[in-house]
Amino acid sequence: MTPVSYFPYKNNKMFVEDIAISDIAQQVQTPFYCYSSTAIETSFQDYQLAFSNQDALVCYAVKANSNQAVLATLAKLGSGADVVSMGEIRRAITAGIPANKIVYSGVAKTQEEISYALTLGIFQFNVESEPELELISKVATSLNKTAAIAFRINPNVCAQTHEKISTGKAENKFGVPISKARLAYKQAASLPGIKVQGVDVHIGSQLTNLAPFKEAYQHIAELVVDLRADGHDISVIDVGGGLGITYLDEVIPSKQTYADLVHAQLGHLNCKIIIEPGRSLVGNAGILVSSVVFVKNGEERQFLMLDAGMNDLVRPSMYDAYHEIIAVNKSNDTLKTYDVVGPVCETGDTFAKARQVHESEAGDLIAILSSGAYGAVMSSGYNTRMLAPEVMVKGNEFAIVRKRPSYEEIIKQDITPNWL
Ligand SMILES: Cc1ncc(COP(=O)(O)O)c(C=O)c1O
Ligand SMILES: N[C@@H](CCCC[NH3+])C(=O)O
């Protein structure tokens with residue numbers, strides 16, 4: 001799926017499925033996120049098809065986009081969930097994902113979170129440290145429950161991605177070092193309230209190349225053999241998420257190629273396979289729609305000043321991430337070079353520098369593509385800006401699936417103490 005697959009132009013007007021973006025903009029006002037439910041469904045079905053000859057469960061990484069409408073779309077297709085907080089567990093359950101399809105990752109799970117997950121009966125805790133294991137054992141024992149666990153293994157593999165989203169190097173905070181894994185499993189087997197069930201690995205996000213996956217899975221395969229020799233009953237391998245998407249011109253291996261790699265590296269172990277894709281399910285299914293507020297002629301540059309900012313989509317500021325930026329309605333063929341910026345009082349509030357965009361004027365609609373993953377979920381109210389609403393489209397229908405808050409709602413969250 002390319003950034004524009006589900007957002008085609010018809011007569012120079014950008015559509016999402018059967019609806020013109022400008023028609024939605026008229027009713028919703030910019031900025032807003034817009035998702036194609038068909039794009040999400042198709043991506044999920046591609047994963048299911050790719051893994052159809054394996055005993056595999058897709059556990060969507062909720063952190064990528066946790067809107068209820070997105071989760072419900074995936075739940076209906078049979079998706080499980082990879083969650084990292086009590087909030088994400090609650091979102092997954094509310095959207096109809098059953099507890100027995102939930103895997104719980106995260107480096108600092110609290111007693112309250114563990115207790116909640118145990119009470120629900122989730123499928124697996126992906127344990128990221130020995131102290132976490134001990135806490136899970138304590139909580140499980142006190143509740144008279146058994147926690148099925150896998151250790152998240154840190155294989156010390158370079159994911160060849162941005163350093164801020166690389167998670168499988170020894171210097172990263174994630175997982176148990178592979179060198180300590182056998183000891184950790186020995187401890188787990190000795191603790192009450194713990195059932196050793198599997199092995200988990202996730203080395204990073206936006207991987208564009210399969211070689212790091214291969215290296216990591218080779219280490220995991222060897223470890224599973226060792227663990228079985230140590231007497232552990234390993235029946236599940238969680239291979240994590242991380243398959244990238246095309247933002248510009250990255251050539252991403254297909255889901256089938258990825259599935260074949262998983263099978264080649266791990267198939268002989270006859271384990272149930274869990275996959276935790278996030279970005280590759282929803283990233284190119286969403287865009288951020290914005291309006292040009294001003295075109296400003298600076299001394300050195302021309303600025304396209306949008307009504308969306310870094311608070312709405314932080315990826316360019318945070319990771320220098322590239323997102324395609326295109327006119328929603330192409331009223332001319334002239335391309336101009338702009339710095340595309342937002343209204344926030346930070347120089348880093350820049351979506352793109354020296355980018356060619358159709359010549360635009362105030363009021364024109366602009367789409368920032370590939371924003372379905374790590375977009376709305378990472379937004380904030382910085383500069384007391386309203387969280388952008390989210391819209392989901394299916395065919396010729398659309399619905400606001402998160403509304404824009406009012407200023408009253410935002411301000412009334414603060415409490416002025418009566419002693420002021
Ligand atoms: C444990 C875990 N699983 C799955 C994912 C999903 O990753 P991605 O969105 O790259 O598929 C992440 C995020 O990197 C993660 O931390
Ligand atoms: N937030 C990151 C991805 C992080 C993945 C979480 N482990 C991004 O926007 O690319």
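1. G231. With 10 C-beta neighbours inside 10 Å, G231 counts as exposed. The cut-offs, with C-beta atoms placed from the backbone: buried means 20 or more other C-beta atoms within 10 Å of a residue's own, exposed means 12 or fewer, and partly exposed lies in between. G231 sits in the loop between helix 8 and strand 12 (236–238). Helices (H or I, at least four residues) and strands (E, at least two) are DSSP runs, numbered from the N terminus.

2. Basis. This is a predicted model, where local features need pLDDT of at least 70, side-chain atom pairs count only at pLDDT 80 or more, and totals for chains, interfaces and linings use all residues. Residues are numbered from 1 along each chain as its sequence is written, while chains are lettered from A and ligands numbered from 1 in the order in which they are written.

3. Helix 7 (residues 181–190). A181, Y185 and A188 are buried here. Their arc, taken from the directions from the helix axis to the C-beta atoms, is 55 degrees, so they line one face of helix 7. L183 and S190 are exposed on the other side. The cover over the buried residues includes helix 6 (130–143), strand 9 (147–154), strand 10 (176–177), strand 11 (194–200) and helix 8 (211–229). Contact means C-beta atoms, placed from the backbone, within 7 Å.

4. Helix 1 (residues 21–28). The buried residues are I21, I24, A25 and V28. They span an arc of only 100 degrees around the axis, which puts them on the same side of helix 1. Q26 and Q27, on the other side, are exposed.

5. Helices 4 and 5. The axes of helix 4 (residues 86–94) and helix 5 (residues 111–120) come within 10 Å and cross at roughly 25 degrees. Helix 4 and helix 5 are therefore roughly parallel. M86, I89 and I93 in helix 4 meet E112, E113, Y116, A117 and L120 in helix 5. By class, this contact has 6 nonpolar, no polar and 2 charged residues. Axes are lines fitted to C-alpha atoms, for helices over the stretch in contact, and angles run from 0 to 180 degrees between N-to-C directions. Angles under 35 degrees count as roughly parallel, over 145 as roughly antiparallel, 65 to 115 as roughly perpendicular and the rest as oblique. Ala, Val, Leu, Ile, Met, Phe, Trp, Tyr, Cys and Pro count as nonpolar, Asp, Glu, Lys and Arg as charged, and the others, Gly among them, as polar.

Terms used. Contact = placed C-beta atoms within 7 Å.
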